[in-house]
Amino acid sequence: MGSTMRTFFAEGGLGMYPTFAFGLLLVAVAIAYAWRPARRLLALYSVLGVVELACGVLGLTLGIVTTFLYAAKLPPESQYSVSLLGVAESLHNLVLSLAMLVLATIVLAGGILRAALRPGADRS
Amino acid sequence: MSDFYLMGGWGMYPTTLFGALLVAAGIAYALLPERRFVPLLVSMGVVVFGSGVLGTVTGFINTFRHVQQLPEAQQRAITLLGVSESLNNLVLAFIFIVLATLIASVGALRLGLRSKPGHSEHRGEPSALV
């Protein structure tokens, strides 16, 4: 499991580290909201969610650019398969950002449900 | 239907689970149209969409890796087939999102019809709406 995770990170490249860091921050904000629902945390969550997704897409794009630049120097018969392999590895960035986003949003939804069912909730 | 699930891969199962929760939230909003349920609907919609895209992307990764082991003549056809099968995850996510939004729109309509008389009552007092 540990080596699979390490391979997953290594294949994704440099973009995986900021994506993971912002993902942890996003999960922390979601846990804070689930613990004590406050509207100001929702705004922070939205901004961090966009940053997390943008980090994943940025890592993916950089990976695809690097792959295509490398593939252009290869013989034509291997260009297609090497390009696909590079794109597959670059997609790890998007997988990580989406996994963190889904996980954090599930935690956040728990907090939202708690806030909605609270006796003093806005029933308008 | 079972082919649709099998072709989509494991990502179809969490998408179905979160999609069912989204539809349940939509039904809850249709029955009890209150503003406090809207963030729940939005957040569950994000979860379903994220889950669908995640399943699609992992399907792409598996396809692109598998293609490496095939003869060159088959590579393009298998890539297209794998991409189309992976997209079943996104199709399922959108089915749930559209269904839940349609159900929730009944609640929005009920809320709109309910608040209409109140809105006209305040027409002469703009400060009450601010």
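## Nonpolar core

Met44(B), Val48(B) and Val57(B) touch the most other members of the largest nonpolar core, which has 58 residues. A nonpolar core is a set of buried Ala, Val, Leu, Ile, Met, Phe, Trp, Tyr and Cys residues joined through C-beta atoms within 7 Å; buried means that 20 or more other C-beta atoms lie within 10 Å of the residue's own, with C-beta atoms placed from the backbone. Two or more residues each come from α2 (16-35), α3 (39-71) and α4 of chain A, and from α2 (12-31), α3 and α5 (88-121) of chain B. With 16 residues, α4(A) gives the most to this core.

Leaving aside residues up to four places away in sequence, Met44(B) touches Ala109(A), Phe18(B), Leu21(B), Leu22(B) and Ala25(B).

This is a predicted model: local features need pLDDT of at least 70 and side-chain atom pairs count only at pLDDT 80 or more, while totals for chains, interfaces and linings use all residues. Residues are numbered from 1 along each chain as its sequence is written, and chains are lettered from A and ligands numbered from 1 in the order in which they are written.

## Helix pair

The axes of α4(A), residues 76-117, and α3(B) come within 8 Å and cross at roughly 160°. The two helices are therefore roughly antiparallel (angles over 145 degrees). Their crossing is left-handed.

## Chain contact

Chain B and chain A each give 25 residues to the contact. On the side of chain B, α3 (38-67) and α4 (72-86) give two or more residues, and α3(B) gives the most, with 17 residues.

Methods:
Contact = placed C-beta atoms within 7 Å. Helix = DSSP H or I, 4+ residues; strand = E, 2+ residues; numbered from the N terminus. Axes fitted to C-alpha atoms, helices over the stretch in contact; angles between N-to-C directions. Parallel < 35°, antiparallel > 145°, perpendicular 65-115°, else oblique. Left-handed = near helix turned anticlockwise from the far one by under 90°. Buried ≥ 20, exposed ≤ 12 C-beta atoms within 10 Å, placed from the backbone.
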